[in-house]
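Here are some friendly notes to read alongside the model. Please keep the view open as you go through the points.

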Amino acid sequence: NEIEKATKEQDVKYKVKESTELDATVAETSSDRSGVQAELDAVLEYLQKIEAQCIEKAETHAERKARFEAELAGLREALSILESETALVQRGSTEKHLRGVRQHTVA
């Protein structure tokens with residue numbers, strides 16, 4: 001009986017020691033996991049910001065149409081300016097010389 005009792009006490013002693021070590025390991029692992037999880041959350045948040053800046057989003061039909069209309073209006077305005085400048089040049093003086101300077105005549 002004494003041998004059984006000593007064996008069981010020794011078993012309890014080792015089991016308590018093992019349990020304490022396992023509790024310490026669990027606490028350390030939980031702490032490590034929470035640190036890694038915080039780091040992962042920060043990285044994922046940064047990734048979302050970068051993706052928002054870098055990934056090109058498809059234009060909607062309305063946006064594409066508005067951009068096309070604005071470009072077309074600009075081209076029409078440029079064409080009208082060029083046409084009015086051409087008209088002004090054509091209406092100008094037919095004599096092309098500087099003030100008081102005439103071309104030399106070849107004899």
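1. A word on exposure comes first: a residue is buried under 20% relative accessible area, exposed over 50%, and partly exposed in between (1.4 Å probe, protein chains only). By that scale Glu59 is partly exposed, at 33% relative accessibility.

2. Please bear in mind that this is a predicted model, where local features need pLDDT of at least 70 and side-chain atom pairs count only at pLDDT 80 or more, while totals for chains, interfaces and linings use all residues. Residues are numbered from 1 along each chain as its sequence is written, and side-chain values use heavy atoms, leaving out hydrogens and water.

3. How many salt bridges (a side-chain nitrogen of Lys or Arg within 4 Å of a carboxyl oxygen of Asp or Glu) does the structure hold? There are two. In one of them, Glu59 pairs with Arg67, with 3.0 Å between the closest N and O atoms. Arg67 is partly exposed too, its relative accessible area being 44%.

4. Lys49 forms a salt bridge with Glu45, and here the closest N and O atoms are 3.9 Å apart. Both belong to helix α1 (residues 2–54), and because they sit four residues apart, about one helical turn separates them. Helices are DSSP runs of H or I with at least four residues, numbered from the N terminus. Glu45 is partly exposed, at 45% relative accessibility.

5. Leu47 also deserves a look: this residue lies in helix α1 and is partly exposed, with a relative accessible area of 40%.

Definitions and conventions:
Helix = DSSP H or I, 4+ residues; strand = E, 2+ residues; numbered from the N terminus.
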